[in-house]
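Student: Got a model open here. Can you walk me through it?
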Amino acid sequence: MEHFLYRLSFTTALHMGKDAGAGSLDDCRMNIHADTIFSALCCEAARAGEVNGLADLFAGGALTISDALPYAGDELFLPRPILFINNTRREGDAGLKKALKNVEYIPLSLFADYLLGLRRPQIDVEKFKYKFGRMVVVTRVALKGNDQPLPYHVAAWKFARGCGLYLVVRAEHEDARHTFGTLLARLGLSGIGGKQSSGWGKFEVRQSDVPAGLMELIEDSRAQYQMLLGTALPADNELDDVLADGWYALVRRGGFICSENYAPGQMKKRTMYMMAPGSCLRRRFKGGMYDLSDGGTHPVWRFGNTLFAGVNL
C-alpha cells in the first residue's frame, strides 16, 4: 500500500460553497472536501461507464483520500487540530483565543511547534498565518426564465501565484492508483465546483512523493490523537467507540446530484453531517459508504472515509 501526493494548480477561478447553512453563490471557500472530490470523480467516471468500478475501489479500501488542502510554494498546510487544552495561564486572553480560531491551516514545517505552543503561556499566532489568494465577487445577469434581466453575484476563489491545493492518496495497488490519476486528470479538464459552465474549477495535476514529515504523521497510528485529514463519518457500529474522548466539529454536506439519468430534472442530495477535517479522535476508523438517493434511478454515494495524521501533545 503506497501514498501519493497530487498538487492541483488552478488555471481558472474556483467556486466551492460554504459548509454552514444553505449554499449561497455570493460566498465561497478555498478547500475541497474529500467527499466532494469522490463525488466529482464518480461523475467523471460515469461518463465512461466506470462509476461502479470506482465506487468499489473506495468502498473496498483500495483508495482513500484526504481533503484538497492548501500549499504555498514547497510548503504544505494541514488542518488546525480541533483540541481543547486546559491552559490556565492564558485562559482569560480572549484576543488570543479569537486569533487562534482564525487560523485554519498550520504549515507542515511548523506543526510540531504549534502543538508545543498550545501548552505555553503565549503562542505566536502570526507565524502560522498565510494568504493563499483572495475571494472575488463577479456580477452576472440571469436572462433565461425572467421577464426582466436579473443581476446576481457569484463569489470565486483565485489562488495567488505558487499556491493551490494538494491531496494525499493511499492506493492499495497500481491499478487503483492509475484509475485515480487518470480520472483526476480528466476532472482537471472538466472542472470541479460551481459554475463549470463558465469554465471555472479547472486545474493541472502534478504527482509527487509524500514528504517524509507528512508520512511520519500519516503512519503514526499509535499517537495520542488521530486527526482527520478530510471529511469522514464512522459507520453506525463504530460511532460510539470513535467519539469517546475525542474532539470534533461537524460540517453540513449537501449539493446537487450530477447525473443525466437519475431524474428528469436536477435534484438535491439528501443532507447529512460529517466530521470536519482537523477533528481529533482517540482511534482511526474505516468509515461508511452512504446512499443519498431519494427515489431516483440509481444510487448516489457519499464516501465517509479519509486519511489520518497522528497528533501527540
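Student: What does the accessible surface of the protein chain come to?
Tutor: About 15,800 Å², and 49% of that belongs to carbon and sulfur atoms. Areas come from the Shrake-Rupley method with a 1.4 Å probe; for residues, only the protein chains shown count as cover. This is a predicted model: local features need pLDDT of at least 70, side-chain atom pairs count only at pLDDT 80 or more, and totals for chains, interfaces and linings use all residues. Side-chain values use heavy atoms, without hydrogens or water, and residues are numbered from 1 along each chain as its sequence is written.

Student: How many helices and strands?
Tutor: Seven helices and 16 strands. Both are DSSP runs, numbered from the N terminus: helices are H or I with at least four residues, strands are E with at least two.

Student: Now α5. Which of its residues are buried?
Tutor: A176, R177, F180, L183, L184, L187 and G188. Buried means under 20% relative accessible area, exposed over 50%, partly exposed in between (1.4 Å probe, protein chains only).

Student: Where do they sit around the axis?
Tutor: They cover an arc of only 145°, so they lie on the same side of α5. The arc is taken from the directions from the helix axis to the C-beta atoms.

Student: What does the face turned away carry?
Tutor: Exposed residues D175 and L189.

Student: What do the buried residues of α5 pack against?
Tutor: Partners include β1 (2–10), α1 (34–46) and β8 (163–171). Contact means heavy atoms within 4.5 Å.

Student: And just after α5? What phi does G191 take?
Tutor: A positive one, about 105°.
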